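Open your viewer and get ready to select a few residues along the way. We will visit the core, then some charged pairs, and end with a look at confidence.

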Amino acid sequence: MQAAGTATRPGIVWVQYLRGIAALLVVVHHARNDHQWLYNPLSGLDFGAAGVDIFFVISGFIMFTAARDEPVQEFFKRRIIRIVPLYWAATAVMAVNDWADGNLTFAALAKSLFFVPYANPNANGAIWPILVPGWTLNFEMFFYFLFGLSLVLRRPVWSLTLVICGLAALGLSVTPDDPILKTYTSALMLEFLAGVWLGVAYTRFDFSRFAILLPIGFAILLSSDWLAWVRAFEIMLPSVMIVAGALGLEQRGVGRHFNMLKLIGDASYSIYIFHTIMIAVVVRLYQYVPLTGFMQFIGLFVIVMLVSTIGGLIIHHLVERPVTRALSNRFSRRNMDKSAAPA
């Protein structure tokens, strides 16, 4: 996903920290999933899912601050190179698993690979691709499409505001059942837009006074499981507050040497894309471990977190970075060859 896959401008290290934290929150969310054989005191806690919302806000912020002046062709090329290869690789792993179980169809594979939302019969009709975390990439790719159009219009902020607000209003008033329309008119698109406006504000105002929003945002987020608030206030608002607070700490120059968190942030896309596959392998093996009760759950939780994080770091360094670099260099050479060719 772009929030995890596209590099920030040098110096915005707190955005990279947040990427790592957001990825770990999502891992926590899936690590506490129920299993029949597992004692699970945290199964009802959903706050970890908000890692996705933080990703969406960061994505909008990065689009404005890092890509608003890019040529459209370059914009799409960079996003496809960073997002697609790793996602296709992880989807291929899940497709082999589904094929072995007799649950794979060509239509599901094609829609998953090309970011077309559909109701997955293997997931009780949820709008999930073969690789479950890919549902967020369906939103990301649509946001890239809208942002690319806004670059053509040369009014990225206001054109995005009008289109996204219009789509969200349509979704709230009509509540479509079609998976594609339901995705593209979701109120979640407002989180990207909030990130864009944060980017506008960050280029114009002093954010250092907003640092306090980071702990407040996390406090609201962590309490969301016990407070019956509207989703916009329990998830969306604190996600925006967290990103704004992180930008405030960035401008204050606080905490710029959390090297491990920076490494996790760099690898956040690999962690996010592959963690459900790693969790499935760990769970399949762990059910035979002779533990019960609280120690059983703690053991599984710790192993899942370690395997997902370390595995993501390894994939980032051995697969994601080399592939991204190779494809970027290849396209750069191709562009140079075209520019050097005689008219």
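Start inside. The largest nonpolar core has 94 residues, and Phe 143 and Ile 273 have the most contacts within it. A nonpolar core here is a set of buried Ala, Val, Leu, Ile, Met, Phe, Trp, Tyr and Cys residues joined through side-chain atoms within 4.5 Å; buried means under 20% relative accessible area, exposed means over 50%, and partly exposed lies in between (1.4 Å probe, protein chains only). In soluble globular proteins, nonpolar side chains tend to be buried together.

Before going on, a note on what you are looking at. This is a predicted model, where local features need pLDDT of at least 70 and side-chain atom pairs count only at pLDDT 80 or more, while totals for chains, interfaces and linings use all residues. Residues are numbered from 1 along each chain as its sequence is written, and side-chain values use heavy atoms, leaving out hydrogens and water.

Now select Ile 273 and show its surroundings. Leaving aside residues up to four places away in sequence, Ile 273 touches Leu 86, Tyr 87, Ala 90, Leu 131, Pro 133 and Leu 137; contact means heavy atoms within 4.5 Å.

Next, the charged pairs. How many salt bridges does the structure hold? There are eight, each being a side-chain nitrogen of Lys or Arg within 4 Å of a carboxyl oxygen of Asp or Glu.

Select Glu 74, Lys 77 and Arg 78. Glu 74 pairs with Lys 77, with the closest N and O atoms 3.3 Å apart, and also with Arg 78, at 3.2 Å. Lys 77 and Glu 74 are three residues apart in helix α4 (residues 72-100), so about one helical turn separates them. Arg 78 and Glu 74 lie four residues apart in α4, again about one turn. Helices are DSSP runs (H or I, at least four residues), numbered from the N terminus.

Jump to Arg 256 and Glu 250, whose side chains form a salt bridge with N and O 2.4 Å apart. Arg 256 is partly exposed at 33%, while Glu 250 is buried at 9%.

Finally, colour by pLDDT, the predictor's confidence in each residue, from 0 to 100. The protein chain averages 90, and 91% of the residues score at least 70. Over residues 2-10 the pLDDT is below 50, and this stretch has 32 contacts in the model beyond near neighbours in sequence.

Methods. Helix = DSSP H or I, 4+ residues; strand = E, 2+ residues; numbered from the N terminus.
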